[in-house]
Amino acid sequence: MDQPDTQAGSPLGDPAGRTLPPGDWAEPAERLDELYRWVEQGALRTADRYLADRRWRRRASGALRGGTAAGAVAGAALPLLDATGAVSGCAPWGYLALLLAVACAGVDRAFGLTSGLLRDTVAAEEVVRRLRTLQFDWAAECAREMLGPAEGTAAEAVERCLGILRRFSEDVADLVRTETTEWLLDIRAARPPLALHTTPHPRHDPPSPGRPFTPHSGPRPNMPRQRPPEPR
């Protein structure tokens, strides 16, 4: 039985958890098929979320990288044209183009657009690869139960199928958690520090009134000993 792609209040690609679909275990085969469809559609939702995030990142990253390349080329060419006399007075525009190139590269790095694009691509491919493995493992389990002789009791067969679905769900959840952690680390690495950490200098408080000044206690310098003058 196919489950709907979306739930009430939960759009396609929403990373929020989904409730387990209700069902009757009086028919274990049908119930397992429902759970398999539910797990499969959850993986497809996760892959769609990464692919949707990749689309807008690809457009933004392409525009910023194009601006970086164009600014770098213009910043190198315009001062050269001004120096050779081909176009007079264009050197200041070259410096402005270099500033634009640096700004585009900085925005790309600060928001992690190019790195996020690569992460989304790898994450979507990993989810699809794991889903293909699940599909073949599930087909092999179904074929073993149909062709027989079945190993163990029916309860053991149901437990094996549930174990396959649970391991796959945990594997996809670990993949999403790892990707989210790497995304947070990239944001923290690209964020400039809020304050400069400097080493505090030692304070020399003046002596308080009524308190004798105590010189700094420490090793005394070793002065070379001088010989007394010889009597004449």
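This is a predicted model: local features need pLDDT of at least 70, side-chain atom pairs count only at pLDDT 80 or more; totals for chains, interfaces and linings use all residues.
**Helix H1 and its end**

Helix H1 covers residues 28-84, a run of 57 residues. From the first C-alpha to the last, helix H1 reaches 83 Å, close to the 84 Å expected at 1.5 Å a residue.

Glu40 counts as buried because its relative accessibility is 13%, under the 20% cut-off. Arg37, with a relative accessible area of 27%, is partly exposed.

**Salt bridges**

A search of the whole structure finds 12 salt bridges.

| Salt bridge | Closest N and O atoms |
|---|---|
| Arg130 and Asp171 | 2.9 Å |
| Arg177 and Asp174 | 2.5 Å |

The pair Arg130 and Asp171 forms a salt bridge between two helices. Arg130 lies in helix H3 (residues 113-147) and Asp171 in helix H4 (residues 154-190), so this pair ties together parts that are 41 residues apart in sequence. Arg130 is buried, with a relative accessible area of 17%, whereas Asp171 is partly exposed at 31% relative accessibility.

Arg177 and Asp174, by contrast, are both in helix H4. Being three residues apart there, Arg177 and Asp174 are separated by about one helical turn. Asp174 has a relative accessible area of 37% and is partly exposed.

Some salt bridges share partners: Glu126, Arg129, Arg130 and Asp171 are joined in this way into one network. The bridge between Arg130 and Asp171, with its N and O atoms 2.9 Å apart at the closest, involves two members of that network.

**Nonpolar surface patch**

Trp93, Leu96 and Leu99 make a nonpolar surface patch of about 370 Å². Leu99, one of these three residues, lies in helix H2, which spans residues 91-111. Leu99 counts as exposed because its relative accessibility is 56%, and the cut-off for exposed is over 50%.

Definitions and conventions: Residues are numbered from 1 along each chain as its sequence is written. Side-chain values use heavy atoms; hydrogens and water are left out. Patches are made of residues with over 30% relative accessible area and no salt bridge: like charges are joined within 9 Å, nonpolar side chains (Val, Leu, Ile, Met, Phe, Trp, Tyr) within 5 Å. Accessible areas come from the Shrake-Rupley method with a 1.4 Å probe; for residues, only the protein chains shown count as cover. A salt bridge is a side-chain nitrogen of Lys or Arg within 4 Å of a carboxyl oxygen of Asp or Glu. Helices (H or I, at least four residues) and strands (E, at least two) are DSSP runs, numbered from the N terminus. Buried means under 20% relative accessible area, exposed over 50%, partly exposed in between (1.4 Å probe, protein chains only). The expected span of a helix is 1.5 Å times one less than its number of residues.
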